[in-house]
Amino acid sequence: MEGLAAVALAIALAGLGFWNLIVRRNLIWKLLGLNVAASGAILFLVALAHRPGARPPIVGLGPGPSADPLPHALVLTAIVIDFATLALALVYVIFLTEHRHTQDVERLERDEERGWPQP
Amino acid sequence: MAAALSGVLAYLGLGVLGLIGAPRTFSLLALLGGTVSFALWTPGFPEVLVGGLPWGVALAGDPWAVGLWALALVLHATLLIHARARRDAFHPLTTVLIGTCLAGSLSRDLFNLYVLMDLSSLLALVLIASGRRVRAVWAGLQYLVLTEVGLTLYLFGLGLVYARLGTLSVSALAGQGPNLSDPALAAGVGLLLAGTAVKTGVFLLGLWLPQAHGQAPTEVSVLLSGIVVKIGVVALARLSEAFPVGTVLLLLGIVTGFGGLLYALWERDLKVFLGFHTVSQLGYMLMGLGLGAGTGALLYVVAHGLFKGLLFLAAGEAVERVGRREITSLAGQLSLPVAVGLGVGACAIAGLPPLAGFAAKGLLAQGAPAWAKALFYALGLGTAASFSKLIPLFRPKEGGLVGGLPVLAAAVLGLGLGGTVLVSGLLNLRAWGEAFLIVAAGYGTYLGLRRIHPRLPRWGFDWAVVSLLVGAVGVAGLVTLGWL
Amino acid sequence: MRVLAALSLLVLMGLLALGVSGVFPRPALPPMDEVAAEWGAKNVVAAIVLGVRLWDTLFEILVYAMTMVGVKLGLRLLRWEHAIPPIRETPLLRRSADLLLGPIVVFALYVAVSGHLGPGGGFPAGAILGTALLLLALAKGVERLSAEIHEPSLEWAEYGAIVAILAVAGGLLLVGRRGSGYLIAANVLIALEVGIGAWVVLHRFASSRGEV
């Protein structure tokens, strides 16, 4: 049962994250939204690895069946990837802020159409 | 197997060592090591589980791996010759990126493909932004965010498929005979397809592609269009092997081919124009995969990597030398080698014999039913029409820097000649006549369309994300409903 | 646009829910205790990350390392027009840094070395190591600290750790030897790489900005 609750939370996180990615105008908000959605995907994998009454996938840690260890291992990789994406994207947001004095997507797009005039 | 693994490891390790010092030397060493490893493991090896049972990563040296390794090594050699003067981290990052692509072509594991697609897009962003221009950084940032949205969807799909079938290896999945009337599998496969399509740059899902490829520095554009996009195509090929999704790929291919073409017809910026053509050429590869013509799609992937690399190399040289990007303002400004390179590339992409595009298009059309053949011809006609725009560029001014252009031009010609001879039914007058007829008709279409200037919708950042989500949900929904 | 976005997100969430409803019955799990024993680990996840799916983990390490390279290159492009005023030093921070530094480093080592027996491993250990360096930088000031650390040799160590991991892993994949000694070595190398990477970026950020 707790597994299903976590799955529901993961799906909700994905919806929330993508929604913020679309409606926010500030780039940093957008990136945070993306990261929340990616966390949703991670939680989704972990929650699906759960079996009713399962123990952590460590040998000798209590009786009963173990949770599926493979998604846990995959998630480690996925976490590093999400972190890496966020770090790299934020550096380039700083770059844009330095050069264009804005983090507003609509203003950046307007500048793009006009061929990037001097701010 | 050991040879291929050590080749990839040599690429990665030597690339990282190049970050400390002597980047070109280490890049050259990596190329040599990769070539030796390639020579050792061709013509291929059967599937192995690296790491052993039960969860090891499946790798195989199948035809896709052979084709992509050859393509990557040729492109790497070209860039080594061409980008002699590039300093900072260009050479090490390129080496690691090519190593990633080599590993991706070997991979037959869904999660391994996810990691490699992600690593390649991170490296591509760093390389795109190394041009230090605001528009390149902005295009690169959109590229990263959109790809990441796609890969998040991919991860969701992967979770569902793994939870249902308990394996990630393509062959093991195919061995279970997956049935898409199972809702978990259908939703999972739909999301996997949608995520990979975003990374590949399929029309309406991956709208980042033309700007990112167009705004990147010259050598980086070559790399992006030549090999990075192809990782996505390989992933789609693996998916089509594991699951019965031919119809979806066919549909995506048709939309991509004609969507990209529509935008390319009226694009004025030379490099963005080539980026839109990468989108439209993806249509051929996806349609080939959808029709089950794997060999044709593979030949197209390799041929496209070579001639689009040549086109981007020549176009980048021209744009950097003249300092203008519009096609009309470049007329009569090109140096002789650049004009020749651009000409050879344009003839190849338009499908003129005996260049690489002709052999690939011929092989694709051979197994196809009549309606698909008609679609291929229509795409070829449109391609010829939009490339007719470049005719004023072929009036060179004087000689100039040659760089890596001859390597790619020779490769395009060599693959074309080899393909024309080896593919049966291409050495007759009818096929050649058809090819020339299509190009001539394309030129006629261009003359007719020249006066029309429609206003096509431009896609901002938010719209790109929304169209991505709508497209992804559409693909996944269609698979789930079982309409395909 | 918002309507379209909301609709597509709702359908996406519905699809995911539909998919989850269809994952039962679940496939049986392979015998994982034997895999763990084969690799000399108790933590099955560690055996998978560093052993069975080492091929993935190599690229994961590269993702981290290449991001650090990208962050360094990106920060080099910046001009930082608006300087921020430096934070005044407080004795509290210095004293607590003196007290905490040792335990944090020891804990990082413990997490790295025992990663194959329980929760832990190279990545968290590296992150903890990075935290220790951050604390040190806050207490002593980045300039003084970087004067004490030889920057080029640190980069050597960072890239050297990656190459060492690649070499060890490659040898392991090709030869096929396994055991707990290898798992510990791999975890320590990863911790080193992650910690140094974190420090290099922190230092670059602080020195281009003037302060932490």
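User: Which helix of chain A is lowest in confidence, and which is highest?

Analyst: In chain A, mean confidence is lowest in helix α4 (residues 105-113), at 88, and highest in helix α2 (residues 27-49), at 94. Helices here are DSSP runs of H or I with at least four residues, and strands are runs of E with at least two, numbered from the N terminus. The scores are pLDDT, the predictor's confidence in each residue from 0 to 100.

User: How is everything numbered, and what does the confidence decide?

Analyst: Residues are numbered from 1 along each chain as its sequence is written, while chains are lettered from A and ligands numbered from 1 in the order in which they are written. This is a predicted model, in which local features need pLDDT of at least 70 and side-chain atom pairs count only at pLDDT 80 or more, whereas totals for chains, interfaces and linings use all residues.

User: What does chain A average?

Analyst: Chain A averages a pLDDT of 89, and 98% of its residues score at least 70.

User: How many helices and strands are in chain A, and how spread out is the chain?

Analyst: Chain A has 4 helices and 0 strands, following the pattern α-α-α-α along the sequence. Its radius of gyration, taken over C-alpha atoms, is 20 Å, well over the 14 Å that the globule rule (2.2 Å times the number of residues to the power 0.38) gives for 119 residues, so chain A is more spread out than a compact globule. Along the principal axes, the C-alpha atoms of chain A fill a box of roughly 65 × 25 × 15 Å.

User: Switching topic, how many residues of chain C are in contact with chain A?

Analyst: In chain C, 36 residues are in contact with 31 residues of chain A, where contact means that the C-beta atoms, placed from the backbone, lie within 7 Å. The largest share of that side of chain C, 10 residues, comes from α4(C).

User: And how many residues does the contact between chain C and chain B take?

Analyst: That contact takes 47 residues from chain C and 52 residues from chain B. On the side of chain C that touches chain B, two or more residues come from each of α1 (2-21), α3 (44-52), α4 (54-76) and α8 (151-175) of chain C, and α4(C) gives the most, with 14 residues.

User: Which residues of α2(C) are buried?

Analyst: In helix α2 (residues 32-39) of chain C, Met32(C), Val35(C), Ala36(C) and Trp39(C) are buried. A residue is buried if 20 or more other C-beta atoms lie within 10 Å of its own, exposed if 12 or fewer, and partly exposed in between, with C-beta atoms placed from the backbone.

User: Where do those buried residues fall, seen down the axis?

Analyst: The buried residues of α2(C) fall within an arc of 100°, taken from the directions between the helix axis and the C-beta atoms, so they line one face of the helix. Just after α2(C), Gly40(C) takes a positive phi of about 75°.

User: What sort of peptide bond joins Phe24(C) and Pro25(C)?

Analyst: A cis peptide bond joins Phe24(C) and Pro25(C), with omega about 0°, and Pro25(C) is found in the loop between α1 and α2 of chain C.

User: Last one: where is His101(A), and is it buried or exposed?

Analyst: His101(A) lies in the loop between α3 (69-100) and α4 of chain A, and His101(A) is exposed, with 11 other C-beta atoms within 10 Å. Although His101(A) is not a glycine, it has a positive phi of about 55°.

Key: Two residues are in contact if their C-beta atoms, placed from the backbone, lie within 7 Å.
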